[in-house]
Structures are given as C-alpha cells and as structure tokens.
Amino acid sequence: NRFSPRLCPPVRFLLEVPMAPKANAEQKAEAKATAEAKEAAADVADTSASKDEPSELEHDAPADKRKRLASGAVAMSPQDATLNVVPLSFGNLFATLTEGGLQYLLAGIRATAGVKAGRYMFEVMITELVYPAEPQGSKGPQPRQLLRVGFSTAVSTLILGDDSDSICFDNEGGLTAEGKWQTAAVKFSMGQVLGVLLNLDPASPNANTISLFRDGKRVSAPKAIPEGLRGKALFPTVSFRNMMLHVNFGPIAKAALPFTCRMLADAATEDVEVAAPKIAKGGKPEVVFPVGLPESGFFDWVDLFRKQNPDYVELSDRSIAEWAVKSGVWFPRNGHGGSSDKPQLRFGVPLLDDLSARKVLKAIAPTVQRNFIVPELKGNLTEGERKTQLLRFGSADFKRKAVVLMGEPSADYREHVQRLVLADKQQKLDRERQQAAAEAERKRQAEERKRKAEALREEAAKKRQKVAAEKKAEGDEKEEEAKKGEEGDEVMEESKAEVEEKPEETAEPSLPETAELTEEEKAIVHRKVGTADVAEAVLARSLAQISMPSKAEGFDEVVYAWQKESESAKLLREWLLEKKKTTRAEDLKPGEWFKGLWTKWQQTMQEWRKVQNEFKDPAKRKSKQEAAKAKKEEEDKAEDGVDEAKGTVDVDVEGLDPLTVDSILDLGNGEPLFANFAFEDWTLLATRVELHLLLHAFKKDLNDADRPSFAETHLPFYYAKYFSKSFNINTFGCKEFSEFVELVGSVVAVEEGSGFLKPLLAEDTAFDTLMRQTEEERRERHRRIDAGDETAKLKFSRSAPAPSAQKGGQQGGARKSAVVGGGKGSKGGKGGKDWYGSKGGSSWDWGAADAGSWYGGGGSEWGGSEWDDGWSGAGGGGWPDWSSFAGLASMMMSALKGKGKDKGKPGKGKGKACAGKDAFRWGEDSWAAEGDTEVAGYATAMSGVSKGVPAAFAAMAGKAKKTEEWSDVGNEEWL
C-alpha cells in the first residue's frame with residue numbers, strides 16, 4: 001500500500017489502485033514549482049523588511065486560564081465530508097478516490113469545531129501528489145492537483161470558494177472570498193507545512209483577518225474576512241483533488257510561527273462552537289425517498305429540504321453535475337439536454353461522460369454513516385425501482401422513509417417558491433437595467449461624437465474665413481474670395497444653428513431597482529422552469545407501474561408531507577388517467593395473439609385475391625361454371641329424380657344478401673362474393689381488419705385496465721408499431737377523422753367522454769364477416785352512384801410499391817432502347833418462385849426512366865434489338881411459340897416463375913414490391929385498373945420491337961378497347 005502500512009485491511013483494499021509512475025516532466029515541474037515558491041517567499045520577506053512598520057503585527061498569545069476543549073474534541077468529521085474522501089490512520093490523514101471520473105471532482109471535509117472568538121490556527125501538509133491515468137486528449141479541470149485551505153460556516157458547501165460562506169487560500173497562490181479570486185500568497189506544494197491563522201480577537205491590530213504561513217514563515221499579508229462571515233462560527237475546511245493530506249489541530253504545531261499562537265485543539269471552550277454529531281451515537285442514518293408528480297414542485301421541495309437539512313447528501317445525476325461544476329468542470333447549466341430528473345451528463349471529459357463516477361458513488365453510499373436523500377422522480381414513483389433502491393440501503397443500517405408530495409403544498413414550501421420567483425424576477429430586472437444602462441451609455445457616446453464633429457466643422461469654417469481674409473488683403477481674386485467667405489459664414493452659421501436647434505434629451509424611463517411580485521405571481525404554487533422534470537418518453541414507459549409507496553415494500557415510515565393519504569391517492573389516480581389519455585405507450589410490442597391472427601389474415605387475403613383472379617380468367621371461370629352446373633344437375637337429380645340437365649346455372653347475384661349467403665367463395669355459379677372488388681374495396685376491407693385487430697391487440701398487449709384503448713391522435717403511432725407502415729386519413733380521401741370513422745364505421749367508433757377508439761366487433765369475429773359487410777356497403781355505394789350521387793365515389797390514393805428486401809436484377813437500358821431498339825438491357829438476378837417477390841426478386845417492373853430489363857424479377861437482356869438473346873436469366877432457354885397469344889403468356893409466366901434452365905447473374909439493385917395494378921408497368925402509364933390505358937397503342941409499340949411477334953400483338957390490339965377497364969392483374973383478353 002502506497003499510503004501507510006498501518007491501514008486496516010478494508011481501507012487498504014479500497015486504496016490499492018495501480019498508479020502511473022511520475023514522469024520526469026512531472027518531477028521537473030514539481031521541482032520548478034518549489035523553486036518558484038522559495039523565490040516568492042524571499043520576495044515577501046524582503047518587501048516586509050523594507051517597510052518602516054514592523055514586519056509582523058501579530059503578538060505572542062497571552063496566558064489563558066479558561067477551560068480548554070477536551071482531548072479529541074477537534075477533528076475532521078467523516079460525517080461532514082464528500083463521498084470521495086477516504087479517512088486513513090488516526091483520523092488526521094485523508095486521501096481522495098480517483099476511480100474514473102472521480103479524479104476530476106474536488107473532495108471536501110470540515111472540522112467538528114468552529115472558531116467564534118480569539119486567535120487560533122491549524123496546519124495542513126500535502127503528503128503525496130497522485131497522478132491518475134486518463135485517456136489521451138482529455139481536457140479535465142486544471143490544475144490536476146488542487147488544494148484549498150480555509151474556513152467556512154457550518155451550512156456552507158464543502159467545496160471552498162464556491163459561495164460567499166467561505167474564505168480560503170489555494171496552492172496556486174490565490175485567495176478566494178465571496179466567490180472572487182485574487183492573488184494573495186505564494187504557491188505551495190508537497191511536504192510543506194501550511195499554517196492557516198484566523199484572528200477574531202477585537203483587541204488585535206489584525207482583527208477579523210486570515211493569514212497563511214508556510215513552514216513557519218508568513219507568505220500572505222493578513223486578509224480581511226468578508227462582512228458576511230463576521231460574527232459566525234468558522235470551521236476549518238479543506239478542499240482537495242488528487243493528493244493525500246495530513247491535518248494537524250495541535251496542541252503542538254509542526255512548524256512554529258514567529259510568535260506564539262494556540263492551535264485549535266488548545267482553544268478555550270467559550271471561543272469555539274463544537275458541532276453536534278449528525279448521527280446520534282448508536283443511532284441509524286436516514287435515507288429519504290421523496291415521491292411526487294412531474295411539474296409539481298418536486299425539485300424545489302428537494303432544494304428546500306437540503307437547505308433545511310444540510311447534513312443530508314443528495315444522490316442523483318443532477319447532484320453529480322452540480323459537483324462537477326463546483327470542481328471546475330465545464331457543464332452547460334441551461335440546455336444540457338435530458339430532464340431535471342436525468343440530465344445528460346456530457347462534460348466533454350471521457351471519464352466523466354462514461355458515468356463511472358455515478359457507479360462508484362452508488363457503491364460507496366451504503367457503506368458510510370451518512371444521511372441521504374434520493375430524489376429520483378420517476379424511479380420513486382414506480383414500485384419496482386423503489387424496491388431496488390431499498391435493497392441497497394439495508395434496514396439494519398439505515399432508517400428508510402418515503403415522503404409523499406402531492407396535493408396542496410405546505411406553507412414553508414409556498415414561501416420558498418415565492419422567494420425563488422422573486423429572485424428570478426430580480427435577476428431578470430437586473431439584466432434589463434444593465435442593458436438599459438449600456439444603451440444609455442451608447443447614446444451618450446454617440447451624442448458626444450456628434451458634438452465633437454460639430455466643433456470640428458466650426459473650426460474648419462473659421463479657418464476658411466481666415467484664409468479668405470488673407471487673400472482679400474492681398475487683393476487677389478477679391479470677388480471669388482468674398483464669395484468663399486460668405487460660404488464660410490453660412491457654414492459657421494449653419495453649425496451654430498445646429499447646435500442651437502439641438503433637441504433636449506428626453507429622459508429614459510427608469511426601471512425600478514427592486515422587483516416586486518404581482519398578485520398573479522403571488523398566486524403561483526409551482527414554478528415553471530425551462531427543463532422538463534421527466535422526459536415524456538421515459539414517463540410513458542412507466543405509467544403502468546406508478547403507484548403509492550407503502551410499508552409493505554420495506555419502508556420504515558411513509559410520511560404524507562402535504563395532504564393526507566386518501567387525498568393524495570385520489571390525486572394520483574386522476575393524474576394517471578389524464579396522462580394515459582395523452583401519452584403513448586412507447587415500449588408496447590405486438591403479442592402472440594396479434595401475430596397469429598395477422599399471419600392468418602395475410603394468408604386469407606392472398607387466397608381471396610387468387611380466387612378473384614381465377615374467376616376473371618375465362619378458361620378457369622368456364623371450368624368453374626361447368627363444375628357448378630354439374631353440381632346443380634346432381635342436386636336436381638337427387639331432389640326431382642330428373643335424368644336430364646335443366647339448363648345452365650342461373651343465379652341472381654345482385655339479389656342475394658351478402659350477410660346470409662352460404663359461402664363467400666361461391667355464390668352457386670362459381671362466382672365469389674367479392675368478384676367485383678376493385679382497389680378501393682380491397683383497401684377498405686384490409687383497413688377494417690387491421691383496425692379490428694389493432695384495437696383488440698392493444699388491450700391485450702398493454703394489459704392496463706385504465707387504458708383499454710387510445711385516442712385518435714395516437715392511431716398513426718400504434719398503426720406503424722403493429723403493421724410497420726404509415727397511416728394517414730388523407731389516403732382515404734378524408735379531411736377529418738370523423739369522416740374516416742364514418743367510412744369504416746362497422747368496426748370502430750370514438751367513445752364519448754374519454755375520446756378513446758373502441759372496437760364494435762367481438763375479438764373472435766371471423767374475417768368473412770368483415771368481407772360480407774364490405775360487399776354490402778359496396779353495393780349500396782354503387783346504387784347511390786347509379787342514382788347520380790357523385791359523393792358516394794371513393795377516392796383513395798395509391799402509394800408507390802415499397803422496396804423489397806430481396807435483391808433483384810438491375811434496371812436495364814433507357815426506355816428508348818427497349819421500345820425503339822438499339823440497346824441492351826442489364827442482366828437480371830436469379831429467377832424467383834413467384835412474381836410478387838417471395839424469392840429472387842419482387843416484381844417485373846419497367847420504371848418510367850428505364851425499361852431495358854425485367855427489373856427485380858430476374859430477367860436477362862430484355863431490351864431493344866437484343867430480344868433474340870433469349871430470356872436466359874429469367875428461365876427462358878429459348879423463345880416459345882409466338883404464333884398465338886397463349887404462347888406469349890406461357891413464356892412470360894415461365895420467365896416470372898424462374899423455371900428456366902439458365903439462371904441469370906444476381907443484380908446489384910433492389911427489386912420493387914409489386915402488387916395488383918403495377919403487375920405490368922411500362923414507362924409512365926400502367927396496364928392497370930385505371931380505365932384509360934390505350935392497350936392498342938402499347939401493342940403497336942411493342943410489335944415494332946421484334947420481328948417475331950407482330951401477329952400475336954396485332955391480335956391482341958384487335959381485341960382490346962381503348963376504354964376497357966383493366967383489373968388489378970389483367971383482363972380476360974390479356975390473360
């Protein structure tokens with residue numbers, strides 16, 4: 001151990017930290033500092049000797065027979081020290097913790113006795129300088145080794161020089177009093193005995209002064225104590241960083257002064273105030289956990305509590321930030337980010353930013369006999385975090401108390417808030433007065449410059465007059481000079497007139513020197529500050545766990561500081577309900593119930609679309625109709641015993657009730673219930689199913705009886721969380737949310753009072769029920785349109801296909817190359833199993849800019865005059881029979897499904913998801929359900945691309961009509 005061989009094992013373990021050896025440069029710097037100190041001391045001695053007055057005004061202490069302090073009554077108090085102070089042997093040797101960011105924080109410790117009369121001294125010696133390792137380039141506070149020695153009041157901060165309740169010297173040769181630093185002494189370093197003398201003897205010529213001696217010699221003239229410290233008991237205090245100290249209170253001094261002076265341990269009892277122990281002998285220290293609501297004066301109450309109970313140490317992130325600032329570390333007091341509860345500790349110093357200081361302090365706190373307050377606003381509101389904190393402070397060592405701060409605050413709190421509001425207003429008024437004074441000074445200087453300029457112009461005019469008079473006397477150019485003289489007179493008269501016409505200065509409205517509170521300000525209960533108490537996102541994740549503290553959790557006492565338990569509980573309940581209405585559940589995740597039904601719905605939707613497409617395929621539809629006819633004949637035979645068929649199946653589809661049909665997949669003639677569904681109908685059905693699943697899944701996954709649903713403003717957030725896509729009512733042609741609810745009214749409504757969305761269908765409602773409702777509304781909508789009601793038309797927006805995660809082929813050559821010829825498209829990726837992107841690509845899509853390849857589908861060299869190269873990448877291996885349209889369709893499906901022998905190389909681009917209307921896109925138009933695509937024109941353009949297919953496209957062009965509506969996948973002629 002580098003400190004003392006007599007340390008007890010636990011302390012030795014704490015201090016056995018590997019230290020970096022002192023570099024030569026550090027040793028040289030230390031030697032240089034010592035030499036400079038000696039030279040400065042010699043200069044002080046020479047200066048004192050040259051004066052006429054005596055070099056030392058202090059006299060020997062007279063004999064004093066008054067009662068002395070008991071042995072050991074004066075010592076540095078471990079209970080009145082920062083948490084990074086480590087007391088060593090005999091209670092007079094102290095070191096600092098240097099783990100991580102603690103090496104940048106000043107340590108402070110105060111004595112148990114304070115001087116209130118007489119003249120006494122104590123001694124301090126630096127026994128070792130510590131050089132902790134730190135990352136290269138770190139810019140911590142300087143100097144790295146710092147010592148401040150002096151006196152402070154019993155309620156002052158332990159960091160000397162931070163407030164007006166202390167006065168101290170430092171090892172840089174300065175004196176700090178009332179928060180102001182000045183050069184007053186010489187530098188001192190390791191191994192030198194520093195004597196700090198406090199003279200409160202009114203009969204002494206140096207009454208109410210403080211002096212510094214080094215190795216028994218004066219190195220500072222007596223410095224007056226500020227008026228604010230006079231008449232108060234002043235306690236010896238030291239603040240230090242990265243060093244080990246020895247403190248001596250006597251009764252024998254290690255370095256005798258030029259005159260006899262009693263040490264503090266030899267002081268008369270009536271001259272000294274001995275502080276009462278902060279923790280009674282045999283008693284347990286206390287840990288206070290305040291429990292309050294955000295934006296309700298929580299931190300103002302904590303500050304008041306600390307002011308009234310200075311022996312309590314705050315354990316929080318904001319106290320670490322405050323400590324770092326007092327230690328000289330730069331930290332933005334305003335705009336630091338985060339919240340008051342959890343400020344973002346960004347100091348620009350790696351070992352402080354990594355929060356290592358917080359970890360060490362949390363580990364140390366339960367091991368020392370100190371009173372603590374733990375103002376974790378969010379943490380103290382939740383039962384789980386309260387229990388975790390209680391485990392750190394065992395009931396055998398600490399008394400654990402919860403203080404509830406809810407409802408109407410106490411009178412002392414309101415007075416404290418009024419003082420804070422008045423102080424803020426006074427500070428603002430002072431700034432305004434300074435700005436007004438600066439503006440007045442600016443105007444005064446401007447007027448002064450103006451007067452000087454006028455004086456210069458007047459002087460110039462006089463000079464011109466003099467020159468003119470001289471020329472006139474010589475008789476040269478009399479008329480011209482006379483004219484100039486007149487002009488000079490005019491200029492002078494104008495200048496005089498300007499001076500005479502100078503307007504009187506209007507007095508600026510004066511600002512009052514002292515701020516006063518208005519009646520409105522006097523009514524303020526809780527201050528509003530710029531930084532939020534708790535971040536909204538953090539609070540949202542904890543709403544379900546917020547509760548009142550109780551003894552059942554492990555508290556020894558629960559105190560309701562403002563209102564009674566019942567009133568506080570009611571207030572918390574109301575606050576929670578309001579918060580749950582307006583706050584999103586940020587950490588909500590879809591549960592298994594939702595995942596299972598969502599997968600089932602996607603499969604159902606895919607099956608229904610497939611059934612619709614097959615019905616629209618003439619060949620497959622004919623096959624289905626024949627099957628339905630055969631089934632009907634069999635049924636007729638069974639019922640009537642008729643052997644012959646009774647004709648084709650004839651079903652009045654429009655006359656059927658969608659809500660009562662037996663099967664939505666076959667109405668009796670092979671036609672599904674949704675045969676006439678267009679893009680808008682499928683979108684409306686999918687949205688209804690999604691809202692139905694979302695509302696029921698939210699209630700299950702959040703599992704909060706107070707929040708069974710959510711408000712309309714949070715719908716886009718939860719919709720994106722569950723379905724990974726955006727939601728916007730504008731997509732449905734709605735401007736107001738009420739219009740959207742009316743559109744999907746069969747599944748969702750807005751609950752009166754709470755404003756929550758509520759599901760209208762039971763959670764076990766089948767998907768085909770929603771399909772039936774959608775078809776019934778579709779028919780009603782078309783009846784209204786046929787009757788001339790244009791408002792019944794749905795105007796949904798179609799979003800562009802989303803990019804697929806699978807890599808498909810690169811886009812080919814330019815559009816011109818594909819249509820006119822002359823260019824070769826890029827090779828595509830490997831063929832997929834299907835055309836909508838299961839594997840190997842997501843679609844076959846010719847974009848508006850490029851049209852030379854089967855983009856994403858895996859095609860190869862499909863562009864311009866290179867068609868004869870074959871569709872090798874997509875799985876062609878040669879051209880099929882182009883003599884019929886069926887051959888063309890067969891070739892396309894073979895390419896899209898990737899069944900060919902020769903696979904193309906993987907492309908670098910990403911395929912685009914393609915569904916429905918975008919199945920076959922070329923250029924700026926699409927072969928889709930738009931109703932305005934000129935298929936004949938496309939067929940003509942395509943027929944000119946290759947010599948091998950004119951017949952097929954000509955036949956196609958003959959069948960197509962300009963106004964024919966193309967379905968999502970294609971019409972009968974195309975298929």
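**Strand S12 and its partners**

Strand S12 and strand S13 (residues 217-218) pair in the antiparallel sense over two bridges. Two strands count as paired if DSSP finds at least two bridges between them. Helices (H or I, at least four residues) and strands (E, at least two) are DSSP runs, numbered from the N terminus. The model is predicted: local features need pLDDT of at least 70, side-chain atom pairs count only at pLDDT 80 or more, and totals for chains, interfaces and linings use all residues. Residues are numbered from 1 along each chain as its sequence is written, and side-chain values use heavy atoms, with hydrogens and water left out.

- Strand S11 (residues 193-199) is joined to S12 by six bridges, and the two run antiparallel; Gly195 stands opposite Phe213 in S12.
- Strand S14 (residues 223-224) also runs antiparallel to S12, with two bridges between them; here Ile210 stands opposite Lys223.
- S12 (residues 209-214) is mostly covered, with six of its six residues buried. Buried means under 20% relative accessible area, exposed over 50%, and partly exposed in between (1.4 Å probe, protein chains only).
- Thr209, Ser211 and Phe213 point one way from S12, while Ile210, Leu212 and Arg214 point the other way.
- In a regular strand the side chains alternate between the two faces of the sheet.

**Overall make-up**

- The protein chain holds 23 helices and 28 strands.
- Of its 975 residues, 45% count as buried.
- Among contacts in the protein chain with a separation of 6 or more, 73% join residues 24 or more positions apart. Contact means heavy atoms within 4.5 Å.

- An open sheet is formed by five strands in the order S19-S20-S18-S21-S22, with parallel pairing.
- Its edge strands, each pairing on one side only, are strand S19 (312-314) and strand S22 (557-560).
- Neighbouring strands of this sheet are turned by 25 degrees against each other on average, direction ignored. Axes are lines fitted to C-alpha atoms, for helices over the stretch in contact, and angles run from 0 to 180 degrees between N-to-C directions.
- Strand S18 (residues 286-292) and strand S20 (residues 371-373) run parallel and are joined by two bridges; Val288 has Ile373 in S20 as its bridge partner.
- Helix H3 packs on the sheet, touching S18, S19, S20 and strand S21 (399-405), and its direction makes about 155 degrees with that of S18.

**Nonpolar cores**

- A nonpolar core is a set of buried Ala, Val, Leu, Ile, Met, Phe, Trp, Tyr and Cys residues joined through side-chain atoms within 4.5 Å.
- The largest nonpolar core has 71 residues, and Trp301 and Phe372 touch the most other members.
- Helix H3 (residues 298-308) gives the most to this core, with six residues.
- Leaving aside neighbours within four places in sequence, Trp301 is in contact with Pro290, Ile373, Val403, Leu405, Tyr413 and Trp562.
- Apart from this core lies another, of 52 residues, including Val611, Phe674, Trp682 and Tyr718.

- Buried residues of H9 include Tyr413, Val417, Leu429, Glu454 and Ala468.
- Leu576 is found in helix H13 (residues 565-582) and counts as buried because its relative accessibility is 9%.
- Not counting residues up to four places away in sequence, Leu576 touches Leu543 and Ile546.
- In helix H17 (residues 715-723), the buried residues are Leu715, Phe717, Tyr718, Tyr719, Tyr722 and Phe723. They pack against helix H14 (592-616), helix H16 (679-702), helix H18 (737-743) and strand S24 (757-759).
- Just after H17, Ser724 takes a positive phi of about 55 degrees.

**Cysteines**

- With a disulfide defined as a pair of cysteine sulfur atoms within 2.5 Å, the count comes to zero.
- Cys168 counts as buried at 1% relative accessibility, and Cys261 is buried with a relative accessible area of 15%.
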